[in-house]
Amino acid sequence: MKKERVVHPIAPVYNAESEVLILGSFPSVKSRETEFFYGHRQNRFWRVIAALCGEEVPEGIEEKKALLLRNNIALWDVIASCEITGSADSSIKNAVPNNIMKIIKESRISRIYTNGKKADELYKKYLENETGIEAICLPSTSPANAAWSFERLTQEWKKIIVN
C-alpha cells in the first residue's frame, strides 16, 4: 500500500457546553469513507461512550453527534493532514496539527483525553504547549488493541465522565 498525503475530512463535534475533548490521531480509511469518526464497525469507541453515558449505541452520524453533545463531550483528531499508509497510525509522517484552540475558546473544555498512545504522542508534540492542558491518555478503542476487552476499556474510560 502506498503512502499518500491526506487532509482530515471531518469537522469537529462540539458546542459551547462541551467540557471534555476526546482526541484521536487521524481518521482511518473506513472513517474517511463513512465521513465520520470511528466508522469501522469493530472500533469500540461508540459502544464505550454509550455505555458510559447509559445510552443506546448510536447508529447514524446525527445520533452519534447528539450523544456526544448531550453529554458535553467534544470530539476531534490531533492531525489536520499527514502522509499515511492506509489507516496505520505508525505510518504517520509530516503531520500538520488541527487548530484545537478554536474549540477550547468556544466551549468550556477543561479536560482533554487522547484515544490511544499515538494520539497522545502527537498531542504532546504539537498541541499541549499551545493549549496548556495536559492530556490523559486512554487505551485505544481500535480493534487493533485486542489486549483490552470491552469491559476493561469501559472501566478505564470512566475517567471522562464527571457528574
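Student: Before we start, what should I know about the numbering and the model?

Tutor: Residues are numbered from 1 along each chain as its sequence is written, and side-chain values use heavy atoms, with hydrogens and water left out. As this is a predicted model, local features need pLDDT of at least 70 and side-chain atom pairs count only at pLDDT 80 or more, while totals for chains, interfaces and linings use all residues.

Student: What makes β2 and β6 a pair?

Tutor: Strands here are DSSP runs (E, at least two residues), helices are runs of H or I with at least four residues, and both are numbered from the N terminus. Two strands pair if DSSP finds at least two bridges between them. Strand β2 (residues 20–24) and strand β6 (residues 111–115) have four bridges, in the parallel sense, so by the definition they pair. One of the places to look is Leu21, whose bridge partner in β6 is Ile112.

Student: Which sheet do they belong to, and in what order do its strands run?

Tutor: They sit in an open sheet of four strands, ordered β3-β2-β6-β7, with parallel pairing. From one strand to the next, the twist averages 25°.

Student: What packs on that sheet?

Tutor: Helix α5 (residues 117–126) does, touching β2, β6 and β7. Its direction makes about 130° with that of β6; such angles run from 0 to 180 degrees between N-to-C directions, with axes fitted to C-alpha atoms, for helices over the stretch in contact.

Student: How do you know that β4 pairs with both β1 and β5?

Tutor: Count the bridges again. Strand β1 (residues 3–7) and β4 have five, in the antiparallel sense, and β4 and strand β5 (residues 93–97) have three, also antiparallel. As examples, Glu4 stands opposite Ile84 in β4, and Ser81 has Val96 of β5 as its bridge partner.

Student: What order does that give the sheet?

Tutor: It's an open sheet of three strands, β1-β4-β5, with antiparallel pairing. β1 and β5 are the edge strands with a single partner each, so one side of each is left without a neighbour in the sheet. The twist here averages 15° from strand to strand.

Student: Why is β4 called largely enclosed?

Tutor: Buried means under 20% relative accessible area, exposed means over 50%, and partly exposed is in between (1.4 Å probe, protein chains only). Five of the seven residues of β4 (residues 79–85) are buried, so the rest of the structure largely encloses this strand.

Student: Why are α2 and α3 called oblique?

Tutor: The axes of α2 (residues 45–53) and α3 (residues 61–70) come within 11 Å and cross at roughly 40°. Angles under 35 degrees count as roughly parallel, over 145 as roughly antiparallel, 65 to 115 as roughly perpendicular and the rest as oblique. The pair therefore lands in the oblique class.

Student: Which residues make that contact?

Tutor: Contact means heavy atoms within 4.5 Å. From α2 you get Trp46, Ile49, Ala50 and Cys53, and from α3 Lys64, Leu67 and Leu68.

Student: How does α2 sit against α7?

Tutor: Their axes come within 10 Å and cross at roughly 55°, and the two helices are therefore oblique as well. Phe45, Arg47, Val48, Ile49, Ala51 and Leu52 of α2 meet Phe150, Leu153, Thr154 and Trp157 of α7.
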